[in-house]
Structures are given as C-alpha cells and as structure tokens.
Amino acid sequence: MAIMLFIAAAAPDFTLDGILQHELGRFRLADYRGRWVILFFYPADFTFVHQTEMKAFEKHIEALRNRMTEVVAISVDDPVSHRAWSRELGGLSFPLLSDPTREASRAYGVLNEAEGRASHAIFIVSPEGRIAYMAISPMNVDYRIDDTIRILKLIQEEREGLAEPALSDRSARTSTVALHSTKPGRVQVDRLRERKEQIARRIRAREFVFGLQDGVLSTVGLLSGVATATHSRLAVLITGVTAAVTGGLSMATGSYLATRTEQGIFEKELVDQERLAKDQPHVAQEALLESLVTEGLDRPSAYRIVQTMSRHRELLLRTVQEKVLGLGSVDISQPLNAAAVMYLSFMVGAMIPLLPFVMRTGNQALFLSWAASVATLLSAGVFKGTLTDRPLLRSGLEFAGVALGSALVGWLIGMAFDHFFV
C-alpha cells in the first residue's frame, strides 16, 4: 500500500549505508536533528539530469550549511556505485546513501514499484524532523536547485518571523507537486568503412533486383494471358510496351514518394531532436544512456560514452536517432536517384519476356518468353544469395519458381478467355 505523507508530518527515520567524500559510513536521519535537511531521492547514479542537480547542490553546499542546512541524496544504487559516481563528478561534500531494500523510498512514498527504484523527489525536513516541503516529478524533469533553495529560505524566514511571503510563495511552500514517474588501428577502421560502403552498395543492388523481379513477373504473366487469348502478336507487343512504360512509371513514382516521405520524417525528427536538445539537453542524453544500458553496457561505461558524445551535439543527435528512434543512417537524400533506379530496373525486367515476341510468333515466342523470364530470375535469385549469404541454388530456384508460377497463372487466364469468350 502506498504511503502518503503530508506537510508537517513526521519525516520517516532511516539508517542507511552511504558514501561521503569517497568514504563508507552509516547515516541516520535522526543524526541531523537540529538542522534543516534537503532530502533528495533520485532513480539512479550515472544519469545526466541528476548529474546537473548534484553539481548544483555541491556549488551551494557552503551557503546551505551557513543556513544550518544539510543535503542528503538517496537512491537504490549500492555504495560501490555511489563512490564511482562521486569520483566521476569530482567529489561531493554531501552523502550519497544506498537504499537497497527500498524501505526508505517506500516510507517516503516515492518508490516506483514497477521499476524498483525511487522517483525523482525532494523533501525539506525541519530541525524537529517534520516535512516542511515536498515535490515529486518524472525522472527526466530536472529540479531548479535555485528554486529549492529559494523555497527553503522562505520557510526559514517565515519561521523566524523575518518575512511574510506572498500567497504564491506560501502556496508553493506548503503544497506537494506530484506527477507519475515515467520512465582499432587505422587498417581496421578503413576496413570497417569499406564494409559500410559494401553494405550500401548491396542495398542499392537489392533495390535493382527488386525492380527487375517485379518487371519480369508482372509482364510475363500479362503477356502469357494476352498471347494465349488473342493469338495476336500486335496485341502482345502493344500490351507489353504499355505495361512496361506505365508499370515503370508507377514503380518509380512509388519509390520517389516513399523516399520523400522517409526524408521528411527524418528531417522533422532531426529538427524536433535539436529543439529538444536545446530546451532540455539532458533528455537526449538520458534516452541514449538507457538504450546503451538496455543493450548490455554497464551504466558507468554508458554514462562516459554519452558524456563524451555530448561534446559534439550533432554526433549525439545522430546517435539518438539511430539507437533510440531506430531511424538508422540509410541514405534517403536522393529520391530522384531512387526513382530512376526503380524505373530502369522495372523496364529492363519488363523487356525480357517481351523481346521473344519481337523476334518470334505463336507458341515459340511464348515458350522463349517463359524461358528468358525463368533464366533471368534464376540469375537474380543467385545474385541475391550472394548478397545475403544464402544457398545460391535455393535462392535462384525460389525466384525461378515464382516466375514460372506467374507465367502459368497468366497462361491459364488466357486459356479461359480463349475457351469461353473467343
């Protein structure tokens, strides 16, 4: 059952192990009785939004202590992780406490049971051990530490009778903000670059094979039906040329529009990411960090990688697009080229079953058309097998079988029309 705390309620006591200036110790909230405490719960070490807050608290720690205030940070990470992160941040003058049993997080009502870690929360505890202020927010929303310190000062000054805050300040001070948590060497490098170029060439070759295959399949079936039903060479040639031109245009238009759409999505996402990185720079960092951790990299290593990338904003955004959004790095910048390749490949494919009817007539032309189509797609299948490292003969026979099947379907339709309508 979730625990609900309220302003002026007794702050739940705890005894936790933690790290202070790289040294392991044991800490109790009761030990701070007589002083103000800013109790800061956060989900995990090695996160960029909380890195900012930690550094901000460290910057103000002396001023806070002059106001009889201590800072205590708590997460479910173990002391080893706390020590490593404290060193990563250049050392901290306040303790990072470990809550492995989640009891402290649960007692303060900030435990995200589904994720097994604390939500992002701040409590101000009075010298008598009572809650004077509390706020809970999603993990990826950072607190303005200056605002927390301002609220602390208002509470202290009103208590001392030194100030009478405005209603808005009083309201901010005594209310709870609660949101649901969300959640090699040079030679090797050159070889990798060559490999990337090879993959790009294979992708372009795959697109050509796809257009060729579609041109052959759609045309051989169509010509088989027309030739069988009409027995007219002229009808077959008119049909074949028309189908090749219009089919090629259709395929090219589809490829152009699809590529333009992908390009628009990619460009819009880049603009959105750039705007987000400007307004909330930690969001892209956190998203990439969590992606790397999910893929098996330990959090400290992932944190350092993202921290290094953050010095190069364009690199960071591109990596977020690929790793987090799944947009990849496929070249979609030339829709006209994609359309031209698709049109050319379709036209070549369509001409293969049509050419026998230019040179021959009757069943001889039909069978030559079938043979040319099967042979072409057999070769295309073998070529595809070399691109995908699949068994060559199996890949070739699959393509050839599809071509023969298309021709037979067209022939059967033509036979039906010849029998019932001619």
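Guide: One term before we start: helices are DSSP runs of H or I, at least four residues long, numbered from the N terminus. Also, this is a predicted model.

Visitor: Fine. Which helix holds Ser373?

Guide: Ser373 is in helix H12, residues 362–388.

Visitor: Buried or exposed, that Ser373?

Guide: Buried. Its relative accessible area is 1%, and buried means under 20%.

Visitor: Which backbone oxygen lies 2.8 Å from a polar atom of its side chain?

Guide: The one of Ser369.

Visitor: And what is Ser373 in contact with, leaving aside neighbours within four places in sequence?

Guide: Val216, Val220, Ile352, Pro353 and Ala403.

Visitor: Let's zoom out. How many helices and strands in the chain?

Guide: The chain has 13 helices and 10 strands. It has 422 residues, and 43% of them count as buried.

Visitor: What about accessible surface?

Guide: About 22100 Å² for the chain. Carbon and sulfur atoms account for 60% of that.

Visitor: Take Phe57. What does it touch, not counting residues up to four places away?

Guide: Ile38, Phe40, Leu64, Val71, Phe94, Ile122 and Ile145.

Visitor: Why would nonpolar side chains be buried together?

Guide: In soluble globular proteins they tend to be.

Visitor: Switching to charges. How many salt bridges?

Guide: The count is 12.

Visitor: What does Arg304 pair with?

Guide: Glu88, with the closest N and O atoms 2.8 Å apart. Arg304 is partly exposed at 36% relative accessible area. Glu88 is partly exposed too, at 27%.

Visitor: And Arg106?

Guide: Its side chain meets Glu113 in a salt bridge, 3.3 Å from N to O. Arg106 is partly exposed, at 27%. Glu113 counts as exposed, at 54%.

Visitor: Which residues are linked in a network of salt bridges?

Guide: Asp13, Arg28 and Asp31. Between Asp31 and Arg28, the closest N and O atoms are 3.4 Å apart. Asp31 is exposed, with 53% relative accessible area, while Arg28 is partly exposed at 35%.

Visitor: Last one: Arg299. Buried or exposed?

Guide: Buried, with a relative accessible area of 16%. Arg299 is in helix H9, residues 299–309.

Visitor: What polar contact does its side chain make?

Guide: One with the side chain of Glu290, at 3.0 Å.

Visitor: And what else is Arg299 in contact with?

Guide: Leaving aside neighbours within four places in sequence, its contacts include Ala44, Asp45, Phe46, Thr47 and Arg117. Leu289, Glu290 and Val293 are also in contact with Arg299.

Definitions and conventions. Residues numbered from 1 in each chain as written. Predicted model: local features only at pLDDT ≥ 70, side-chain atom pairs only at ≥ 80, totals over all residues. Heavy atoms only, no water. Contact = heavy atoms within 4.5 Å. Helix = DSSP H or I, 4+ residues; strand = E, 2+ residues; numbered from the N terminus. Buried < 20%, exposed > 50% of the residue type's maximum accessible area, 1.4 Å probe, protein only. Polar contact = N/O pair within 3.5 Å; in protein donor to acceptor, adjacent residues only side chain to side chain. Areas by Shrake-Rupley, 256 points an atom, 1.4 Å probe, with all protein chains shown as cover. Salt bridge = Lys/Arg side-chain N within 4 Å of Asp/Glu carboxyl O.
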